[in-house]
Each structure stands twice: as structure tokens, then as C-alpha cells.
Amino acid sequence: MNIIDAHSHLWLRQDTQWNGKVIRSKANGRADFLGEEVQMLPPFIIDGRNSAEVFLSNMDYAQVAAAVVVQELIDGCQNNYLREVAQAHPDRFIVCGMCDYLGSSTDTGDLAREAAMLRQQGFRGIAVPGHRLLLDGRRVTLNSERMMAMFRQMEEDGMFLSITLADGTTQVAEMEEVIAECPRLRIAIGHFGMCTVDGWQEQIRLARHDNVYVEAGGITWLYDSEFYPFPSAVRAIREAASMVGMEKLMWGSDYPRTITAITYRMSYDFILKSNELSEAEKELFLGKNAQRFYGIEPKIELPYIKNMSE
């Protein structure tokens, strides 16, 4: 089957701030992250560069045909780098642009103009880390005029929206308003609705709308304490499918952060080996749904390479 990753990240260096706190790359895969030191990348990535070339090597090894690269405010805006990635590897990556959601301008046309400019530069989608729009003492609502103007522009330009929401139902009503206003805007809800948090089903139910899908980026991180083969993650996928249908769900890895704990292949291998999903359901979840949603036509054959330890 053609396996497609609907949620991944790339950056050359993290050097930014969010909510008044620093995020900055360090040596050996570590980073200063919101006041603490964390292992942001696997320790063998010693220079802090989360590059397309390293990801492609992981993708080839794991037999992943293509990946959607989203963006996060904690990584800093990577528009310039991702534009280069898309130009260099058009058959392997679909990249999302990111706008200045936290800008202070009151000009309601700002974000719409940014979105139109990103489309002209070749970006097919825009990523909105919605959970990062809730700051100490300030909240940027998804249904604000600045944001809605951007969503309408995206709909007009045929772009897709990749969005992660705050825990539970915090932003669900706002998202419902966006969906009603832009019924032709393709929307992928990320992080599988934060399925370990109360109220996650309401995020999943957004996919009852024809134009809305859900992707599972980071689901192995959500069940990290349980670890491989993540049986509760499989049960969450089954529950979500009972609500909106398996044809509305897509696999995502949240690479590279998740592979500090597991290998890239393990981030979907637990699906392949599960007895709780049929072969047809696995094909939908791991690739066919993403092909339909993003308009991806994989053109590469990736044979299995035997491990020396086998």
C-alpha cells in the first residue's frame, strides 16, 4: 500500500519565543523549551537540524511514500525553508505555510493577504496551531475577523487547512463556525482530537461535515506511557471510526518529536500488526484517505530493505 504521513515537521533551527518563553535548539538533539531542557530530536541529530534529507532517509527505510509537513509556533516560522523543500522534492512532500496569527495589527486583510501570497509561492495548505493561540492574558479566536478572512481566502484559492485544537471542547464551537462559513474549505483536524483528554470526541465529530477529516499526528505520543503496540490508540481509532467512518481518518506521525521514543516505522507499524482493524481499514487509514484529501499521487516504489539484525 502507499503509506502517507499526514502530520510531520521540518526545520533548520528552532530559535523563537512563544507566550514569552524561549524555544532554542541546542547540541545533541536537545532544546531549551519553555523554561526546561528537553530531548527535542533523537540524540544522533547532533546539530539540531531537522532536515528534509534526514526525514527522507527515514521515509525510505519505513516505506512511507509521501508526507505532509505542517508548522508549529514553537518551531518558528519555516516558510522559507519549506518552500525550498517543496521545490526540491515535489513528489514526496506537501508543505503548509504559516501566517502571523499573533500579530498585533487590526487590519482584517493582513492574514488573508498572507494566505494569498503563500498560495502564489506554491504552498497548497496552511497550518494553524490553534492550541498555541491561547496565551496568558490573551486569546486569538478562530472565528475572529482576521482569521475568518484568511479562511475565506484559502477556500477561494483551493487551499487546505491543517489545524490542531486546544484540549477538549475549548475551540470546537469556533471551529463549527469556521466550517459553516467555509463549507468548501478542506480541513484536517490534527492530533486525533487530543484523544486522551475529556471531550476529545467532540473534535472527532467535526468530521461529520463533508469537508472535514481527522489526522492522528502524535497519537503515539499521547499513549507514550502505554508504549508499543499502543492498544489504547487502536481502540481510539476504532471509536473515532464508529462516529465518523474510517474513510475520514488519516495516519500522522508528528515526526520528529515522536521518534525520540520510538522509530519512525513503529509510529505506524502498530496499525499494520493490529488484529482489531481489517486490511481495508488499514489501507484507508494509512494512505488512501490522505491521497483523496490532499490530492497526492505517489510515484515512488520503496522496496523493503532487510535489517542486518534480522
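Tutor: One term comes first. Helices here are DSSP runs of H or I with at least four residues, strands are runs of E with at least two, and both are numbered from the N terminus. Keep in mind that this is a predicted model.

Start with the peptide bonds. Most peptide bonds are trans, and most residues other than glycine have a negative phi. Now look at Pro256. It sits in the loop between strand S14 (249-250) and helix H9 (266-272). Go next to Pro229. Its loop runs between helix H7 (219-222) and helix H8 (231-244). Tyr228 and Pro229 are also joined by a cis peptide bond, and omega there is about 10 degrees.

Now phi. Asn28 is not a glycine, yet its phi is positive, near 60 degrees. Find it in the loop between S3 and S4. Asn28 has a relative accessible area of 39%, so it counts as partly exposed. Leu34 is another non-glycine residue with a positive phi, about 55 degrees. Its place is the loop between S4 and S5.

Strands of a sheet pair through backbone hydrogen bonds, either parallel or antiparallel. Here four strands make an open sheet, ordered S2-S3-S4-S5, with antiparallel pairing. Strand S2 (15-18) and strand S5 (36-39) are the edges, each pairing on one side only. From one strand to the next, the twist averages 25 degrees. Zoom in on strand S3 (residues 21-25) and strand S4 (residues 30-33): they run antiparallel, joined by three bridges. Follow Arg24 across, and its bridge partner in S4 is Asp32.

Finish with a pair of helices. Helix H3 (residues 110-120) packs on helix H4 (residues 145-157) at an angle of about 30 degrees, and their axes are 7 Å apart. That angle makes H3 roughly parallel to H4, because angles under 35 degrees count that way. The H3 and H4 crossing is right-handed. On the H3 side, the contact includes Leu111, Ala115 and Arg119. On the H4 side, Met147, Met150 and Gln153 are among the residues met. By type, the residues of this contact are eight nonpolar, one polar and four charged.

Key: Residues are numbered from 1 along each chain as its sequence is written. This is a predicted model: local features need pLDDT of at least 70, side-chain atom pairs count only at pLDDT 80 or more; totals for chains, interfaces and linings use all residues. Side-chain values use heavy atoms; hydrogens and water are left out. Axes are lines fitted to C-alpha atoms, for helices over the stretch in contact, and angles run from 0 to 180 degrees between N-to-C directions. Angles under 35 degrees count as roughly parallel, over 145 as roughly antiparallel, 65 to 115 as roughly perpendicular and the rest as oblique. A crossing is left-handed if the near helix is turned anticlockwise from the far one by less than a right angle, and right-handed if clockwise. Contact means heavy atoms within 4.5 Å. Ala, Val, Leu, Ile, Met, Phe, Trp, Tyr, Cys and Pro count as nonpolar, Asp, Glu, Lys and Arg as charged, and the others, Gly among them, as polar. Two strands pair if DSSP finds at least two bridges between them. Buried means under 20% relative accessible area, exposed over 50%, partly exposed in between (1.4 Å probe, protein chains only).
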